[in-house]
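Let's walk through this structure together with a few exercises. Keep the view open beside you and try each task before reading its solution.

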Amino acid sequence: SQERLRRIRDRVRPFPDFPEPGVLFRDISPLLKDPVAFRTLIDLLEDHVRASCPKIDLIVGLDSRGFLIGPPLAQRLGIGFVPVRKKGKLPGATESISYSLEYGKAELEIQSDAVEPGQKVVIVDDLLATGGTMCAACELLKRLKAEILECLVIIELKSLKGLEKLNSIPFYSLLQYD
Ligand code: PRP
Ligand code: HPA
């Protein structure tokens, strides 16, 4: 598994000063482009969720890079996928919340009927930085009375201390950077 993790880590590219000065951007494009590495990524996430969250009902993915990982993972697990989107994209009744992230501010939404009260969800995204995005998604799911089993990301940027913002919600990352 260390070997499999290394294959994934080798396909994350750092870009200094993107999208603004001072941010070291971790780009997962090479990981998505390599079919063996991408399959390995989904294998590792599937193994983790089966072991840690066996009672899961739904995968919730965050706009937009959570949409790259969430649906293939949900298919593997044989369960459904629910999108949390940036404001103004979802039709019908929605819950919305504004939040700040490492490089800016935005607003997230979920359809009010997307999750039944008591359903057990795992929230997935590519990366945890300040935790603002993940924390906002957790708040939306709590409003719908979902049970959040875990927040799951590929990459955790340790120095931004996003984990502290998540309080006691279980969290797992495949790769960590300082
Ligand atoms: C990035 C990343 C996470 C979030 C992490 O998405 O994919 O969703 O920022 O930052 P945080 O922990 O400080 O909140 P971004 O908002 O850039 O949107 P995108 O996926 O549409 O590019
Ligand atoms: N890479 C990708 N997304 C991000 C980053 C990063 O370094 N920081 C905040 N969102």
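**Exercise 1: The sheet**

Strand β3 (residues 58-62) runs parallel to strand β4 (residues 80-86), and five bridges join them. Strands and helices here are DSSP runs numbered from the N terminus, with at least two residues (E) for a strand and at least four (H or I) for a helix. Two strands pair if DSSP finds at least two bridges between them.

A word on the model before we continue: it is predicted, local features need pLDDT of at least 70, side-chain atom pairs count only at pLDDT 80 or more, and totals for chains, interfaces and linings use all residues. Residues are numbered from 1 along each chain as its sequence is written, while chains are lettered from A and ligands numbered from 1 in the order in which they are written.

*Task.* Find the residue that stands opposite leucine 58 in β4, then trace the order of the open sheet.

*Solution.*
- Step 1: the residue opposite leucine 58 is glycine 80.
- Step 2: the open sheet has seven strands, in the order β5-β6-β4-β3-β7-β8-β9, and its pairing is mixed.
- Step 3: β5 (94-101) and β9 (171-177) are at the edges with a single partner strand each, so one side of each has no neighbour in the sheet.
- Step 4: on average, neighbouring strands of this sheet are turned by 20 degrees against each other, direction ignored. Axes are lines fitted to C-alpha atoms, for helices over the stretch in contact, and angles between N-to-C directions run from 0 to 180 degrees.
- Step 5: helix α5 (residues 132-143) packs on the sheet, where it touches β3, β4, β5, β6 (104-111), β7 (120-128) and β8 (147-157). The direction of α5 makes about 160 degrees with that of β5. Contact means that the C-beta atoms of two residues, placed from the backbone, lie within 7 Å.

**Exercise 2: Around glutamate 109**

*Task.* Work out which residues stand opposite glutamate 109 in β6.

*Solution.*
- Step 1: β4 and β6 pair in the antiparallel sense over two bridges, and arginine 85 stands opposite glutamate 109.
- Step 2: β5 and β6 also pair in the antiparallel sense, over eight bridges, and here serine 96 stands opposite glutamate 109.
- Step 3: β5 and β6 form a hairpin, with two residues between them.

**Exercise 3: Proline 71**

*Task.* Is proline 71 buried, exposed or partly exposed?

*Solution.*
- Step 1: locate proline 71 in helix α4 (residues 66-77).
- Step 2: count the other C-beta atoms within 10 Å of its own, placed from the backbone; 20 or more means buried, 12 or fewer exposed, and anything in between partly exposed.
- Step 3: proline 71 has 16 and is therefore partly exposed.
- Step 4: leaving aside neighbours within four places in sequence, proline 71 is in contact with Gly61 and Phe81. Phenylalanine 81 is ten residues away in sequence, with 5.9 Å from C-alpha to C-alpha.

**Exercise 4: The ligand shells**

*Task.* Which strand gives the most to the shell around ligand 1, and which to that around ligand 2?

*Solution.*
- Step 1: ligand 1 is surrounded by 17 residues, the closest being Ser64, Leu101, Ala129, Thr130 and Thr133. A residue counts if its C-beta atom, placed from the backbone, lies within 6 Å of the molecule.
- Step 2: β7 gives the most to this shell, with four residues.
- Step 3: around ligand 2 are Leu24, Phe25, Arg26, Glu102, Leu127 and Ala129, and the largest share, three residues, comes from strand β2 (residues 24-27).
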